[in-house]
Amino acid sequence: MSINDWKSRLGTVYSTNPDFEYTSETTEEQETLAPGKQRLRVALDRRNRGGKQVTLVADFVGTNDDLKKLCKLLKQKCGVGGTAKEGEIIIQGDFRDKIVQILTEAGYKARKI
């Protein structure tokens with residue numbers, strides 16, 4: 001952590017102790033499994049999205065960086081927008097068949113739900 005990293009300490013109470021060292025809780029990310037060991041679920045979701053359809057890719061085991069790389073690959077191949085958050089990839093539109101095909105070509109075990 002840099003010395004002037006004040007945004008990560010928002011909500012911290014002031015301490016008068018001269019020996020105080022600020023420590024943050026860091027969670028260790030899981031190591032990314034090989035594509036052949038990943039079992040991804042591809043599903044269509046319409047709930048709480050204003051009637052819009054999105055394709056969800058769930059059960060990815062790995063770091064956030066690898067999740068974002070996979071999301072970027074899927075967005076480029078499908079030609080649509082999307083995001084990766086909370087361990088899921090959200091792709092705009094109904095692209096279940098195409099995403100399953102892309103993932104199996106990349107070596108992942110993917111199934112459509």
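The face of helix H1 turned away from its buried side carries the exposed residues Asp 65, Lys 68, Lys 69 and Gln 76, where exposed denotes over 50% relative accessible area, buried under 20% and partly exposed the range in between, for a 1.4 Å probe and protein chains only. The structure is a predicted model, in which local features need pLDDT of at least 70 and side-chain atom pairs count only at pLDDT 80 or more, whereas totals for chains, interfaces and linings use all residues. Residues are numbered from 1 along each chain as its sequence is written, and side-chain values use heavy atoms, with hydrogens and water left out.

The secondary structure of the chain comes to two helices and five strands, arranged from the N terminus on as β-β-α-β-β-α-β. Helices (H or I, at least four residues) and strands (E, at least two) are DSSP runs, numbered from the N terminus. Buried residues account for 24% of the 113 residues in the chain. Of the contacts between residues at least 6 apart in sequence, 50% join residues at least 24 apart, a contact being defined by heavy atoms within 4.5 Å.

Helix H1 comprises residues 64-78, and its 15 residues should span 21 Å at 1.5 Å a residue, which agrees with the 21 Å that separates its end C-alpha atoms; the expected span is 1.5 Å times one less than the number of residues. Seen down the axis of H1, the buried residues fall within an arc of 105° and so line one face of the helix, the arc being that of the directions from the helix axis to the C-beta atoms. These buried residues in H1 are Leu 67, Leu 70, Cys 71, Leu 74 and Cys 78, and they pack against E1, E2, E3, E4 and helix H2 (96-105). In general, an α-helix has 3.6 residues a turn, so residues three or four places apart point the same way. H1 lies across E1, E2, E3 and E4 and runs at about 20° to E4, with axes taken as lines fitted to C-alpha atoms, for helices over the stretch in contact, and angles running from 0 to 180 degrees between N-to-C directions. Just after H1, Gly 79 takes a positive phi of about 75°.

The five strands form an open sheet with the order E3-E4-E2-E1-E5 and mixed pairing, two strands being regarded as paired if DSSP finds at least two bridges between them. E3 and strand E5 (109-112) stand at the edges with a single partner strand each, so that one side of each is left without a neighbour in the sheet. Neighbouring strands of this sheet are turned by 20° against each other on average, direction ignored. E1 and E2 pair in the antiparallel sense over five bridges, and Asp 45 has Val 54 in E2 as its bridge partner. Strand E2 (residues 54-58) pairs antiparallel with strand E4 (residues 88-92) over four bridges, while four bridges also join E4 to strand E3 (residues 82-85), again in the antiparallel sense. Ile 90 in E4 is the bridge partner of Leu 56 and likewise that of Thr 83. E3 and E4 form a hairpin with two residues between them, and Glu 86 in the turn has a positive phi of about 55°.

Thr 55 lies in strand E2 and is buried, with a relative accessible area of 0%. A polar atom of the Thr 55 side chain lies 2.6 Å from the backbone oxygen of Gly 93, and this side chain also reaches the backbone nitrogen of Phe 95 at 3.0 Å; polar contacts are pairs of N or O atoms within 3.5 Å, of which, within protein, one must be able to donate a hydrogen and the other to accept it, and residues adjacent in sequence count only if both atoms are side-chain atoms. Not counting residues up to four places away in sequence, the residues touched by Thr 55 include Val 42, Leu 44, Ile 90 and Ile 99.

Gln 38, found in the segment before strand E1 (39-45), is buried with a relative accessible area of 1%. The backbone oxygen of Val 61 lies 2.7 Å from a polar atom of the Gln 38 side chain, and Gln 38 touches, among others, Thr 32, Phe 60 and Tyr 108. Gly 62, in the loop between E2 and H1, is 30 residues from Thr 32 in sequence but 3.6 Å from Thr 32 in space, C-alpha to C-alpha.
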